[in-house]
Amino acid sequence: MTDRGLGRESRKDNDLFFTCSLIDYIARKTNNTRADIVNALGRKRIEKIYDLADVYHSDNIERVSQDFIEEAEIQPGSFDNVGECGYAIPTYWDIGKVYKRLIKMVAKDEKISIIDALFKVYNSFISPKIDDYNSSVYYENPSYIFECYKQNKML
């Protein structure tokens, strides 16, 4: 049996999508950057979220996020890209999809694990660009975002 699952994407793709969406949800809830959340959660917690995403996804995201905020002792920050947005605000699911696609491309291109790619992407120059909801980066073509990541600059 393949890892296709029941939907259009593989289960691991859905797990990555949920992991990225949860990171965005926690970042919004605590007013931190996405990189700050990834780094505060750390590799072991991110791996746990990714490995158990199908279980967490069936639970309430508010409760799941609160558990990880408390466990990782994530403190409130001052980054409020939602409050500063002058346009329609993308959902945490929308942003999760953007990061999922980019992380998959980076993992494949650099021949590294999904988790290694996740840390590289969230800690790269492109993450603040995606998270600036007053710009157009988050809804750009995934190939364009990937090429910007590879070139380490906006093209």
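Reader: Which helix is Ser21 found in?
Author: Happy to start there. This is a predicted model, and in it the stretch of residues 11–30 forms one helix that includes Ser21. The helix is H1.

Reader: How many residues of H1 are buried?
Author: H1 has 20 residues. The helix is mostly covered, with the buried count at 16 of 20.

Reader: Is Ser21 buried or exposed?
Author: Buried means under 20% relative accessible area. Ser21 has a relative accessible area of 0%, so Ser21 is buried.

Reader: What distance does H1 reach from its first C-alpha to its last?
Author: At 1.5 Å a residue, 28 Å is expected for H1. The model comes close to that, with a reach of 28 Å.

Reader: Is Phe125 buried or partly exposed?
Author: Phe125 lies in the loop between helix H6 (114–122) and helix H7 (126–130). Buried would require under 20% relative accessible area, and exposed over 50%. The value for Phe125 is 23%, so Phe125 is partly exposed.

Reader: How far apart in space are Phe125 and Lys48, C-alpha to C-alpha?
Author: In sequence, Phe125 and Lys48 are 77 residues apart. In space, their C-alpha to C-alpha separation is 26 Å.

Conventions. Residues numbered from 1 in each chain as written. Predicted model: local features only at pLDDT ≥ 70, side-chain atom pairs only at ≥ 80, totals over all residues. Heavy atoms only, no water. Helix = DSSP H or I, 4+ residues; strand = E, 2+ residues; numbered from the N terminus. Buried < 20%, exposed > 50% of the residue type's maximum accessible area, 1.4 Å probe, protein only. Expected span 1.5 Å × (residues − 1).
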